[in-house]
Amino acid sequence: MAELTVELPVDHPGVHDQEYLRRRARIAEVGARHQAGEPIPNVHYSREEDDVWATVSTELAELHQRYACEEVRQGIARLGLPTERVPQLREVDARLHELTGFRIRPVPGLVPTRQFYGALAERTFLSTQYIRHHSVPFYTPEPDIVHEIIGHATMLASPHLADLYEAAGHASLRATSDEALDFFSRVFWFTLEFGVVHEGGGVRAYGAGLLSSYGEIQVFDQAEIRPWDLRAMGTTSYDITQYQPLLFAAPSTDRMVDELGAFFDEFDDDTHRRLTA
């Protein structure tokens with residue numbers, strides 16, 4: 001395999017840091033070389049990378065107690081992530097498989113949309129392994145291992161939420177047209193990425209994008225909070241480069257799990273046409 005190179009956008013904090021670029025390339029090679037079914041090789045993270053994880057995970061742990069919903073907090077306790085170092089995907093994979101039957105597979109970077117969603121149907125989550133640049137530990141312009149593990153893996157430690165991920169994967173496979181997949185992706189965005197729920201007299205977060213964002217989880221309740229409406233989610237645009245100005249709140253976690261699960265179980269091209277007619 002040819003040596004990988006990493007190209008970052010000009011506004012990325014690490015774009016001019018040659019050591020960071022070399023580290024990213026070496027970590028990407030681990031994901032690129034991995035074959036499904038084989039043990040996940042460990043990444044030898046640097047002290048600096050472990051420090052970034054320790055800083056971010058410690059702060060997020062406190063914020064989750066204030067802003068995350070109960071189902072997520074239970075998942076956090078079950079997963080038991082280390083706080084002093086970057087977790088190895090091999091250990092997260094073993095723990096998730098024990099808890100909910102989900103698997104983690106390393107990938108070198110972002111993968112095509114259909115590949116990412118399709119893997120969920122096999123109860124497999126495709127995860128990057130690199131971590132954000134040390135100069136801004138509370139910011140990343142792209143999904144990194146903080147987002148993948150503190151955001152998504154925390155949710156996958158909940159049997160109810162893990163089942164939603166699998167159902168979402170099957171729904172994506174039935175969305176054969178680009179238009180149907182776009183509708184599905186918007187629902188996924190406003191739920192499993194940026195979902196909120198009414199709980200305990202307030203609004204609490206359960207979406208991975210909120211759970212892994214030090215800044216946004218503290219201010220998401222300042223967004224416009226609209227009533228739970230899956231059809232509206234599927235036709236609402238969003239911008240990934242900014243804090244979300246609009247969120248949809250489920251009346252309860254039970255209602256969210258039941259209705260989102262039913263939506264994913266039934267979704268296909270015909271459903272999309274009916275919902276957008």
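**A residue in a loop**

Modeller: R123 is found in the loop between α5 (113-120) and β2 (124-127), where helices (H or I, at least four residues) and strands (E, at least two) are DSSP runs numbered from the N terminus. The model is a predicted one, in which local features need pLDDT of at least 70, side-chain atom pairs count only at pLDDT 80 or more, and totals for chains, interfaces and linings use all residues. Residues are numbered from 1 along each chain as its sequence is written, and side-chain values use heavy atoms, with hydrogens and water left out.

Although R123 is not a glycine, it has a positive phi of about 55 degrees. With a relative accessible area of 15%, R123 is buried; buried means under 20% relative accessible area, exposed over 50%, and partly exposed in between, with a 1.4 Å probe and protein chains only.

As for the setting, the secondary structure of the chain comprises twelve helices and six strands. Of its 277 residues, 54% count as buried. The radius of gyration, taken over C-alpha atoms, is compared with a globule rule of 2.2 Å times the number of residues to the power 0.38. A compact globule of 277 residues would have a value near 19 Å, and the 18 Å of the chain agrees with this. The C-alpha atoms fill a box of roughly 50 × 40 × 40 Å along the principal axes. Among contacts (heavy atoms within 4.5 Å) between residues at least 6 apart in sequence, 65% join residues at least 24 apart.
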